Amino acid sequence: MVKIQYSAIIPGAGKGSRLSHLPYSKELLPVGYSISKNNEKHPKTISAYLLDHFQRSGIREVHFIIRKGKTDIAEYFESGNNWGVNISYHLTEVDFGVPFTIDQAYYFFHNKNILFGFPDILFYPQNAFIQMKEYLNEHPDIDIVLGLFPVSEQQKWDTVLLKEKNRIERIRVKEGHNKNVKYAWIIAAWRPSFSDFLHDTIAGFKSNPEKIMNELFMGHVIQMAIDKGLKVNGLPFENGGCLDIGTPEGYIKAENFLQYM
């Protein structure tokens, strides 16, 4: 059996409208600090935590997808060597949601397994992506595995309804409270089968732009995949945590949240 390699994807083409008036891309928001080889403290950007997660899981190839006006991200991270990864940057001209952003780099990763995370969400445990890779490798019949984290404010997240054996029944995109719901999906790992499905789905939207009524979320496309028969499972991190720092409220909580990471 040929071992499929892994790549990682970071969607960074958003406008950051929830944090207005920033003089730089929100992916470069300073949160906490890092310690240099000389034992000096330096401000750490929010998306650097995601790069750290990828690096710990053994990922070296990272695709960072940005748009015009956000080249400060590339100027900051450069090749990625300082974070132990190799970053390729892709410029997208379409901004109808994260699935469109991801598809911009499809031909560079379509034959590889993928690790995926959002650059403005902090999460723990530190080995979450390692566990995700192990789960996907041990379940060859699964197309996607979603990393599930306990959340309280369900309306702010893409929460999930689970069936037996942690099979995902439905993705709830920022819906109201449901007593049967405990987790939101925050990170993901998937096979080329889902990359192909996403690519075909986006091609369908591009050929029929009237279908794009509102922003398309990843949760929408994953639900479409479930409806088409792709197998999507969840991996709960019962003792894990997550924080969206893309809002003023979340950013205020970031410093305290770092103590758990």
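Select Asp120 and Lys26 to begin: Asp120 is buried, and Lys26 is buried too, where buried means under 20% relative accessible area, exposed means over 50% and partly exposed lies in between, computed with a 1.4 Å probe on protein chains only. The model is a predicted one, in which local features need pLDDT of at least 70 and side-chain atom pairs count only at pLDDT 80 or more, while totals for chains, interfaces and linings use all residues. Residues are numbered from 1 along each chain as its sequence is written, and side-chain values use heavy atoms, with hydrogens and water left out.

Stay with this pair and show the side chains. Asp120 and Lys26 form a salt bridge whose closest N and O atoms are 2.7 Å apart; the term requires a side-chain nitrogen of Lys or Arg within 4 Å of a carboxyl oxygen of Asp or Glu. Asp120 lies in the loop between S6 and strand S7 (121-124), and Lys26 in the loop between strand S1 (6-11) and strand S2 (30-35), so the pair ties together parts that are 94 residues apart in sequence. Helices (H or I, at least four residues) and strands (E, at least two) are DSSP runs, numbered from the N terminus.

Next, select Glu27 and Lys70, whose side chains meet in a salt bridge of 2.9 Å, N to O. Because Glu27 lies in the loop between S1 and S2 and Lys70 in the loop between strand S4 (61-67) and helix H2 (72-77), the pair ties together parts that are 43 residues apart in sequence. Glu27 counts as buried at 2% relative accessibility, and Lys70 counts as buried at 3%.

Then go to Asp103 and Lys206, where the salt bridge is 3.9 Å from N to O. Asp103 belongs to helix H3 (residues 98-103) and Lys206 to helix H6 (residues 192-207), so this pair ties together parts that are 103 residues apart in sequence. Asp103, at 9% relative accessibility, counts as buried, whereas Lys206, at 45%, counts as partly exposed. For a network of salt bridges, select Arg170, Arg172 and Glu175, which are linked in one; the count of salt bridges comes to ten.

Now turn to the aromatic rings. The count comes to 22 aromatic pairs, a pair being rings of Phe, Tyr and Trp (its six-membered ring) with centres within 6.5 Å, called stacked if the planes are under 30 degrees apart, edge-to-face if over 60 and tilted for the rest. Select Phe116 and Trp185, a tilted pair with 6.3 Å centre to centre and 35 degrees between the planes. Phe116 is in strand S6 (residues 113-116) and Trp185 in strand S11 (residues 183-190), 69 residues apart, and both are buried.

Select the whole of S11: eight of its eight residues are buried, so the strand is largely enclosed by the rest of the structure. S6 and S11 run antiparallel and are joined by three bridges, strands being paired if DSSP finds at least two bridges between them. Here Phe116 stands opposite Ala188 in S11. Strand S8 (residues 144-150) also pairs with S11 in the antiparallel sense, over seven bridges, and Val145 has Ala189 as its bridge partner in S11.

Finish at Lys44, whose charged end sits over the ring of Tyr49, 4.3 Å from its centre; the term asks for NZ of Lys or CZ of Arg within 6 Å of the ring centre and within 35 degrees of the ring normal.
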